[in-house]
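The sequence and structure come first.

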Amino acid sequence: MDLTKALQASAAGMQAQGVRIRVISENIANADSLSTQPGGLPYQRKTVSFGEQLNRSLGIETVRVSNIGTDPTPFEKRYDPHHPAADSNGYVLVPNVNPLVEMVDMQQAERSYEANLNVLQSSRSMLQRTIDLLKN
Amino acid sequence: MDFGKIPLFKAIGERLGFLEARQNVLSDNIANVDTPGFKPKDLKTESFGNLTAAALQKLQPAVTDPHHILPASASTGSAAYPLETKGGNSEETVNGNSVNLEEQLLKISETSFDHQTVLNLYHKQIGLLKTALDRGGS
């Protein structure tokens, strides 16, 4: 049945967006995770990239998370000489997580997830209507 | 009685196959809405004129021996639907992705609507046959 492939493709899309949401929530949760050693590095923001993957058993190309990398944006410095993570000059490195960017990313992931869900429902109802032909 | 030999049922079957294949391609486009460099795909729709011209011009080799192999283009049945990639439109983002979500969702609903129409047509036709068989059309 061809429509099951459509269902699989949408499910793969939802799974990929789910991973994206997970990474975004990690970033937001760690927005204030500083180092415990003097002059140490704080939490580095994680990024998600998507890629295509040929699903040989189905013969279609589905989406997948190709790589979870780190954001190379330099850390900002905050002057806080009494902090345990402060270096010899009294500066603490703070994570390169921008809550605004994370929120926008989250909205985008949510919209894409919703779109996939709608397609899934559309494919499902097409399948259901075909099966319903047997009723009469 | 073979339903596949009734032209209308054959046409309905082919149309359903096409619509399901199109739904596959479109749902893949939506799944890849955030994939860098992804270009949306769609199935090529043939015009009626082209199809009839192709059907009239095609010369089929005769199979006079069971060991003869027909060329792939001559084989009938569920032929693969040709894909076409659309890209480079004004919707292309910086990462090279040119999927327009609204356009794709519109196509999805169009496919779903067509699918329902064809199924209803099938249903009506079966009802007509039932009436002819005096079992009462539903």
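Apart from neighbours within four places in sequence, Gln104(B) is in contact with Leu26(B), Asn29(B), Ile30(B), Pro40(B) and Val99(B). The model is a predicted one. Gln104(B) sits in helix α3 of chain B and is buried, with a relative accessible area of 2%. From Gln104(B) to Asp42(B) the C-alpha distance is 9.6 Å, while the two are 62 residues apart in sequence.

Lys107(B) belongs to helix α3 of chain B as well. Its relative accessibility is 10%, so Lys107(B) counts as buried, the cut-off being under 20%. Setting aside neighbours within four places in sequence, the contacts of Lys107(B) are Arg22(B), Leu26(B), Asp42(B) and Lys86(B). Lys107(B) also forms a salt bridge with Glu103(B). These two residues are four residues apart in α3 of chain B, about one turn of the helix. Glu103(B), at 31% relative accessibility, counts as partly exposed.

Ala21(B) is in helix α1 of chain B and counts as buried at 11% relative accessibility. Beyond neighbours within four places in sequence, Ala21(B) touches Leu43(B) and Tyr81(B) and, in the other chain, Asp2(A). The C-alpha atoms of Ala21(B) and His123(B) are separated by 21 Å, and the two residues are 102 apart along the chain.

## The interface

In the contact between the chains, 29 residues of chain B meet 28 residues of chain A. Together the chains bury about 2300 Å², 59% of it on carbon and sulfur atoms. On the chain B side, Glu20(B), Asn24(B) and Asp34(B) lose the most area to chain A, together 22% of what that side buries.

Two salt bridges are counted between chain B and chain A, and nine residue pairs are in polar contact across the interface, both residues at pLDDT 80 or more. Helices α1 (7-31) and α3 (101-132) of chain B each supply at least two residues to the side that touches chain A. α3(B) gives the most, with eleven residues. By class, this side of chain B has twelve nonpolar, twelve polar and five charged residues.

## Helix α2 of chain A

Helix α2 of chain A runs over residues 99-132, which is 34 residues. At 1.5 Å a residue the helix should span 50 Å, and its end C-alpha atoms are 48 Å apart, which agrees. Its buried residues include Glu102(A), Ala109(A), Val119(A), Met126(A) and Leu127(A). Among the elements covering the buried residues of α2(A) are α1 (3-29) of chain A and both α1 and α3 of chain B.

## Salt bridges

Over all chains, the structure holds 16 salt bridges. Side chains of opposite charge can pair when their charged atoms come close. Four of the pairs are listed here.

| Pair | Closest N to O distance |
|---|---|
| Asp34(B) and Arg20(A) | 2.9 Å |
| Lys107(B) and Glu103(B) | 3.6 Å |

Glu26(A) and Arg22(A) are about one helical turn from each other because they are four residues apart in helix α1 of chain A. Glu26(A) is partly exposed at 23% relative accessible area, and Arg22(A) is partly exposed at 43%.

Asp71(A) lies in the loop between β2 (60-70) and β3 (76-79) of chain A, and Arg45(A) in the loop between α1 and β1 (46-55), so the pair ties together parts 26 residues apart in sequence. Both Asp71(A) and Arg45(A) are buried.

Definitions and conventions: Residues are numbered from 1 along each chain as its sequence is written. Chains are lettered from A and ligands numbered from 1 in the order in which they are written. This is a predicted model: local features need pLDDT of at least 70, side-chain atom pairs count only at pLDDT 80 or more; totals for chains, interfaces and linings use all residues. Side-chain values use heavy atoms; hydrogens and water are left out. Contact means heavy atoms within 4.5 Å. Buried area is the accessible area (1.4 Å probe) that two parts lose on being put together, summed over both. A salt bridge is a side-chain nitrogen of Lys or Arg within 4 Å of a carboxyl oxygen of Asp or Glu. A polar contact is a pair of N or O atoms within 3.5 Å; within protein, one must be able to donate a hydrogen and the other to accept it, and residues adjacent in sequence count only if both atoms are side-chain atoms. Ala, Val, Leu, Ile, Met, Phe, Trp, Tyr, Cys and Pro count as nonpolar, Asp, Glu, Lys and Arg as charged, and the others, Gly among them, as polar. The expected span of a helix is 1.5 Å times one less than its number of residues. Buried means under 20% relative accessible area, exposed over 50%, partly exposed in between (1.4 Å probe, protein chains only).
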